[in-house]
Amino acid sequence: MVVKNVNIFQETGTQILASVTGTLVAASDGMSFGWTSPMVPYLLSEESHIRTTVSQAEWLETITLIGAFCGLPFTIYFVDKIGRKKSLLLAAVVVLLNWIAIGLANRIEYIFVARFFSGMAGDMSFVAAPMYIAEIADSKVRGFLSSIIYIMMLIGLLLVYCLGPFAPFYSIPMVGCFLAATQLLVFTFQPESPYYLIYKNRPLEAKESLKRLRNKDADLDLEIDSISNGIERQKTEQGRPQDLLLVPSNRKAILIMTVLNAGQHLSCISVMYMNLHPILNAAGSIYLDNNITAIVFAIIMLLASIFASCTIDKFGRKIILVVSSLLSGFCLLALSVYFHLQAIGFDVSAVSWVPIASVLVYAGAFKYGLGLVPIVITAEIFPAKMKAIGMTVADVMFVMGGILSIQLYQVLHKLGMFVPFYLFTVSAFLVALYSGFCIPETKGKSLEQIQLMLKGDNISNKPEKNGV
């Protein structure tokens with residue numbers, strides 16, 4: 001029997017367009033996340049047009065994550081009340097206003113307020129976008145499309161690292177405004193999630209949405225029935241917040257997402273994003289300019305994410321996650337040892353290339369798996385009734401992990417740069433162990449199959465031909 005090589009991207013153009021335009025706000029969020037790394041040195045310099053203290057500069061990092069935490073109740077409300085699509089449009093409006101405020105700011109307090117609200121908007125986009133994409137995508141490309149949000153974020157990070165050290169202060173806000181405005185102009189005309197529409201008892205609109213999203217030969221009635229049956233079955237389950245802990249499959253899902261989402265940050269990624277330039281300065285390498293290293297760092301992350309997004313539906317989530325976590329841990333260990341030797345007085349000038357090599361290898365290793373797979377799994381692992389609150393609680397873990405990692409770094413690096421890096425190393429290795437032994441493989445499974453798998457039911461390994 002000859003197995004035909006099927007192009008998984010065939011007739012998925014509408015899904016790709018909706019996913020790309022719906023995640024432009026994530027690119028802006030990536031810009032906001034990485035903004036402090038090149039801009040804090042400017043704000044603290046004599047050339048700054050805004051008077052800024054060291055304490056204020058440190059809070060610029062944390063305030064965005066605090067905003068994300070405070071935005072969680074609004075995220076829970078809006079993704080179910082007005083839908084995934086409108087939530088993403090609302091986030092784009094907030095982002096647009098934030099960049100305008102930062103671009104025109106002449107006091108640090110205005111930037112604090114803008115970054116607080118950018119955290120709220122980013123939280124909404126990183127909950128609504130994975131939900132939206134998982135619910136519009138064919139199972140054959142769901143992993144690829146779900147990863148687009150991280151690719152967009154890294155494009156934003158790259159833009160900041162390229163513009164921050166070399167362009168005027170207002171350049172980054174101008175680009176952020178352009179991205180948000182483009183999303184508002186284009187994504188407005190994309191279809192809403194058919195899952196959401198059926199969940200809200202709007203089957204005719206759901207069928208029209210699927211008609212735009214699927215190829216002309218797709219059996220829309222069959223998929224509508226499949227989605228409806230799945231939602232009806234899941235609606236019979238309790239949808240209370242406490243059911244995240246009381247229902248075994250939900251408890252397993254939230255534990256997986258807690259480890260992965262918090263583990264990302266505790267494996268150093270937020271610290272890298274927000275403090276890459278200071279970290280490289282502390283390393284004292286003479287082999288490559290720090291601004292260039294930061295740009296290469298962002299490019300490698302972007303390329304790794306693109307490669308992972310194209311292979312995640314081929315190799316699967318689990319193996320990529322384990323390998324990525326292990327490699328990230330070894331890179332962080334190399335950094336830890338280098339900083340430790342430097343701190344106790346060893347002459348490390350001959351190996352000052354080690355921090356650059358470690359940071360760049362870390363960029364590719366982390367983003368190939370640990371920096372990408374969690375958001376794909378988050379969108380797949382919760383049932384319809386619990387999806388909004390489940391993904392939001394998972395996002396709580398993501399935000400809390402970010403706040404904790406930043407605060408640990410700011411406190412512990414004063415004892416020696418190696419201290420927080422040893423902690424981040426241990427975290428990466430623990431995530432690798434957990435991923436290898438405790439996380440199920442969701443590759444090629446429909447959302448309904450994944451729920452049955454979490455419940456311990458035996459299901460066929462054969463992926464569904466169509467549908468979400």
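Arg115 is buried in the predicted model, at 1% relative accessibility, where buried denotes under 20% relative accessible area, exposed over 50% and partly exposed the range in between, for a 1.4 Å probe and protein chains only. The residue belongs to helix α7 (residues 108–136), helices being DSSP runs of H or I with at least four residues, numbered from the N terminus. With residues up to four places away in sequence left out, Arg115 touches Ser32, Trp35, Thr36, Leu60, Glu61, Ile63, Thr64 and Ile102, contact meaning heavy atoms within 4.5 Å. This is a predicted model, in which local features need pLDDT of at least 70 and side-chain atom pairs count only at pLDDT 80 or more, whereas totals for chains, interfaces and linings use all residues. Residues are numbered from 1 along each chain as its sequence is written, and side-chain values use heavy atoms, with hydrogens and water left out.

Helix α3 (residues 36–43) packs with helix α4 (residues 54–70) at an angle of about 160°, their axes being 10 Å apart; axes are lines fitted to C-alpha atoms, for helices over the stretch in contact, and angles run from 0 to 180 degrees between N-to-C directions. The two helices α3 and α4 are therefore roughly antiparallel, a term for angles over 145 degrees. In this packing, Thr36, Val40 and Leu43 of α3 meet Ala57, Leu60 and Glu61 of α4.

The structure contains 13 aromatic pairs, defined as rings of Phe, Tyr and Trp (its six-membered ring) with centres within 6.5 Å, the planes counting as stacked under 30 degrees apart, edge-to-face over 60 and tilted for the rest. Phe33 and Tyr273 form an edge-to-face pair, with 5.7 Å from centre to centre and 85° between the planes. This pair links distant parts of the chain, since Phe33 lies in helix α2 (residues 24–34) and Tyr273 in helix α16 (residues 269–283), 240 residues apart. Phe33 is buried at 7% relative accessibility, and Tyr273 is buried with a relative accessible area of 3%. One aromatic cluster is formed by Tyr338, Phe339, Phe421 and Phe424.

Asn201, although not a glycine, has a positive phi of about 60° and is found in the loop between α11 (194–199) and α12 (203–213), where Asn201 is exposed with a relative accessible area of 59%. Cys268, in the loop between α15 (248–266) and α16, has a positive phi near 90° but is buried, with a relative accessible area of 0%.

How values were computed. Angles under 35 degrees count as roughly parallel, over 145 as roughly antiparallel, 65 to 115 as roughly perpendicular and the rest as oblique.
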